[in-house]
Amino acid sequence: MDVLGDAIDRQRRTSDTALRAPAVGRAYDYRRFCTSAWKVGNFLRHLGVRSGAGVAVADDPIPEPVLTFYGAALLGGVVRFDPAESVGDDTRALVVPVADLGEYDAGPSTKQVAYGGQPDDPTVSYFERDVWSENPTEPPDHITPSDPLLATSEATYSHGDVLGAATEVIDDHGVASDTTVAVRGSFTAPGVVTAGLVAPIVAGGTVVVGPGAEGDLVVGGPNSDIAVGTLLG
């Protein structure tokens, strides 16, 4: 795999479980996970997300932020999981819970997207409605391994950087198609994203997020099986 989108291309669509969020009672097999990520990508394109555009996403351990990360990756968007610190002139889309919209000072160039309920403001997109209505096809954008994918206030990491670190996790910890990875750390940590949200999907395994997350491997938190702080260093 050269870019993150390769992990969710058409041939990856199977009935195996890709993502579970026990706290909200939702699960996605690879067919639904891939298709949903494609729909998010097509939706973000309508908002103007293109290669290099910033996408600020809530650090919220439920499916919407995970799918937004993968959907933005298909377009070459640069995802930040710390919207309170990252909303700026280069941020094309802000994706957060509807209850948190008032916490962010989004400028006129940033399109706001809310999930978890329909926003009162008609200028704010409603994630569940607008993504559901999108075309379930892979966005045709051409992304390269050197294109940026994930950013923090200190560094920006390319598709190649993230996939390279994810491959190390897979090799070092034996992550496979029958491995379940419980993500208990914050998405603001690039190592958590790499080991928890990317490595299992690349390997064809299962990501479990949110309260109640249990798995063969734990990523983040005091009992992490993987030293996430050493990834992408």
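## Basis

The model is predicted, so local features need pLDDT of at least 70 and side-chain atom pairs count only at pLDDT 80 or more, while totals for chains, interfaces and linings use all residues. Residues are numbered from 1 along each chain as its sequence is written, and side-chain values use heavy atoms, with hydrogens and water left out.

## Arg-12

Arg-12 lies in the segment before β1 (17-21); helices (H or I, at least four residues) and strands (E, at least two) are DSSP runs, numbered from the N terminus. The residue Arg-12 is buried but has no salt bridge, and Asp-9, the nearest side chain of opposite charge, is 5.5 Å away. Buried means under 20% relative accessible area, exposed over 50%, and partly exposed in between (1.4 Å probe, protein chains only). A salt bridge requires a side-chain nitrogen of Lys or Arg within 4 Å of a carboxyl oxygen of Asp or Glu. For charge, Lys and Arg count as positive and Asp and Glu as negative; His and the chain ends are not counted.

The Arg-12 side chain does reach the backbone oxygen of Val-202, at 3.5 Å. Neighbours within four places in sequence aside, the residues in contact with Arg-12 (heavy atoms within 4.5 Å) include Met-1, Asp-6, Tyr-30 and Cys-34. Ile-201, Val-202, Ala-203 and Gly-204 are also among them.

## Strand β3 and its partners

Strand β3 covers residues 54-57; Gly-54 and Ala-56 point one way from it, Val-55 and Val-57 the other way, and all are buried. Two strands pair if DSSP finds at least two bridges between them. β3 runs parallel to strand β4 (residues 78-80), joined by 3 bridges, and parallel to strand β5 (residues 91-97), joined by 4 bridges. Val-55 stands opposite Val-79 in β4 and opposite Ala-93 in β5.

Helix α2 (residues 63-75) belongs with β3 and β4 to a right-handed β-α-β unit. Right-handed here means that, with the strands pointing away from the viewer, the path from the first strand over the helix to the second runs clockwise.

## The β8-β9 hairpin

Strands β8 (residues 148-151) and β9 (residues 156-158) pair in the antiparallel sense over 3 bridges. In this pairing, Leu-150 stands opposite Tyr-157 in β9. The two strands, β8 and β9, form a hairpin with 4 residues between them.

## Salt bridges

The count of salt bridges comes to 5. One of them joins the side chains of Arg-26 and Glu-64, at 3.1 Å from N to O. This pair links distant parts of the chain, with Arg-26 in strand β2 (residues 26-29) and Glu-64 in helix α2, 38 residues apart. Arg-26 is partly exposed, at a relative accessible area of 25%, whereas Glu-64 is buried, at 5%.

A salt bridge also forms between Arg-184 and Glu-214, whose side chains meet at 3.0 Å, N to O. Here too the pair links distant parts of the chain, 30 residues apart: Arg-184 is in the loop between β10 (180-183) and α6 (190-203), and Glu-214 is in the loop between β11 (206-209) and β12 (217-219). Arg-184 is partly exposed, with a relative accessible area of 38%, and Glu-214 counts as exposed at 54%. In the salt bridge of Arg-129 with Asp-130, the closest N and O atoms are 2.8 Å apart; Arg-129 is partly exposed at 41% relative accessible area, and Asp-130 is buried at 17%.

Key:
A polar contact is a pair of N or O atoms within 3.5 Å; within protein, one must be able to donate a hydrogen and the other to accept it, and residues adjacent in sequence count only if both atoms are side-chain atoms.
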